[in-house]
Amino acid sequence: MLNIAAYHFVSIDRPAELAQGLHARAEAAGLRGTILVAGEGINLFLAGEDAALNGFLDALREDRRFADLIVKSSHSRGQPFGRLKTKVKPEIISFRRENASPLADGRAPIVDPQTLARWLDQGFDDAGKPVVMLDTRNREEFGYGTFTGAVTLPIDNFTDLPAALEPHRDALRDATVVSFCTGGIRCEKAAVWMQSDGMHNVLQLDGGILGYFEQVGGRHYDGRCFVFDGRVALDPQLQPLVDDAA
């Protein structure tokens, strides 16, 4: 089974109509997982046979709004999702904060995985500033693994991040802060919000942990990356903790 995680921020005028079309196309391809659609974009977690899922993605990219969709992929023996679910939501990841939309405020600056690994190897960024990794995931997720020495926040929901971050802001002031999450969507929203809230020393890890695993492997990462499906978590070689063949 091919497993993919992908999100894309783009303005969508009729999200319910798009959701209906994507659901029908995914169902016809025999895919399972979750499709989230909002006025700000799409968020996909899907699994299926390689040809079927790649065909779905090829068709999606024919829509010019999604031509630049970036996908994180891995394989499993079994189908990790029980069924196909499609939802229309106010946000493709709930944060409920003003000044947190890349569409309205622009993306926060990014750091690519290779550059981040080099910074972590040497202990500082290219300007000589210390690098602090900021985990924007919840406590269940980072319990399976996180970057060595990362700042983790005792949250259960992404919406709790601003209050949990507050006690750390002074300590982070003189560092280059790199926000990260599973696939990039939460650390992107968090970084946009932090930039707007006066933390101009924040970058986002482009592609999140899964993108880092794809390009770098497990350097400077301890443990696995939690995923929200039957595989439970992936190791740095993108192998599942649980992999039950259908």
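In helix α9, the residues Gly208, Ile209, Leu210, Gly211, Tyr212 and Phe213 are buried, where buried means under 20% relative accessible area, exposed means over 50%, and partly exposed lies in between (1.4 Å probe, protein chains only). The helix spans residues 208-215 and is mostly covered, with six of its eight residues buried. Helices (H or I, at least four residues) and strands (E, at least two) are DSSP runs, numbered from the N terminus. The model is predicted: local features need pLDDT of at least 70, side-chain atom pairs count only at pLDDT 80 or more, and totals for chains, interfaces and linings use all residues. Residues are numbered from 1 along each chain as its sequence is written, and side-chain values use heavy atoms, with hydrogens and water left out.

The chain beyond α9 deserves attention for its backbone. Gly217, which follows α9, has a positive phi, near 90°. Gly218 belongs to the loop between α9 and β11 (221-223); its relative accessibility is 29%, so this glycine counts as partly exposed. The C-alpha atom of Gly218 is separated by 9.1 Å from that of Phe147, although the two residues are 71 residues apart along the chain. His220 is found in the loop between α9 and β11 as well, and its phi is near 70°, a positive value in a residue other than glycine. With 27% relative accessibility, His220 counts as partly exposed. Most residues other than glycine have a negative phi. Asn99 also has a positive phi, near 60°, and is not a glycine. Asn99 is placed in the loop between β5 and α3 and is partly exposed at 43% relative accessibility.

The next element to consider is the sheet. Four strands form an open sheet in the order β6-β10-β9-β7, with parallel pairing. The strands β6 (110-111) and β7 (131-135) stand at the edges; each has a single partner strand, so one side of each is left without a neighbour in the sheet. Two strands pair if DSSP finds at least two bridges between them. Strand β9 (residues 176-180) runs parallel to strand β10 (residues 202-205) and is joined to it by three bridges, with Val178 standing opposite Leu203 in β10. On the β6 side, β6 and β10 pair in the parallel sense over two bridges, and Val111 stands opposite Leu205 in β10. Strand β10 is covered on both faces: Val202 and Gln204 on one side, and Leu203 and Leu205 on the other, are all buried.

The whole structure contains 15 salt bridges, a salt bridge being a side-chain nitrogen of Lys or Arg within 4 Å of a carboxyl oxygen of Asp or Glu. One of them joins the side chains of Arg77 and Asp243 (3.6 Å, N to O). Arg77 lies in the loop between β4 (71-75) and β5, and Asp243 in the segment after β13 (233-234), so this pair ties together parts that are 166 residues apart in sequence. Arg77 is exposed, with a relative accessible area of 60%, whereas Asp243 counts as buried at 17% relative accessibility.

A salt bridge also forms between the side chains of Glu91 and Lys189 (2.4 Å, N to O). This pair links distant parts of the chain, with Glu91 in the loop between β5 and α3 (102-105) and Lys189 in helix α8 (residues 185-196), 98 residues apart. Both Glu91 and Lys189 are buried. Asp126 forms a salt bridge with Arg118, and their closest N and O atoms are 2.8 Å apart. Asp126 is exposed, with a relative accessible area of 54%, while Arg118 is partly exposed, with a relative accessible area of 36%. Through salt bridges that share partners, Glu40, Glu91 and Lys189 are joined into one network.

Arg83, Lys85, Lys87, Lys89, Arg96 and Arg97 form a positive surface patch. Patches are made of residues with over 30% relative accessible area and no salt bridge, like charges being joined within 9 Å and nonpolar side chains (Val, Leu, Ile, Met, Phe, Trp, Tyr) within 5 Å. Lys and Arg count as positive and Asp and Glu as negative, while His and the chain ends are not counted. The place of a charge is taken as NZ of Lys, CZ of Arg, CG of Asp or CD of Glu. Accessible areas come from the Shrake-Rupley method with a 1.4 Å probe, and for residues only the protein chains shown count as cover.
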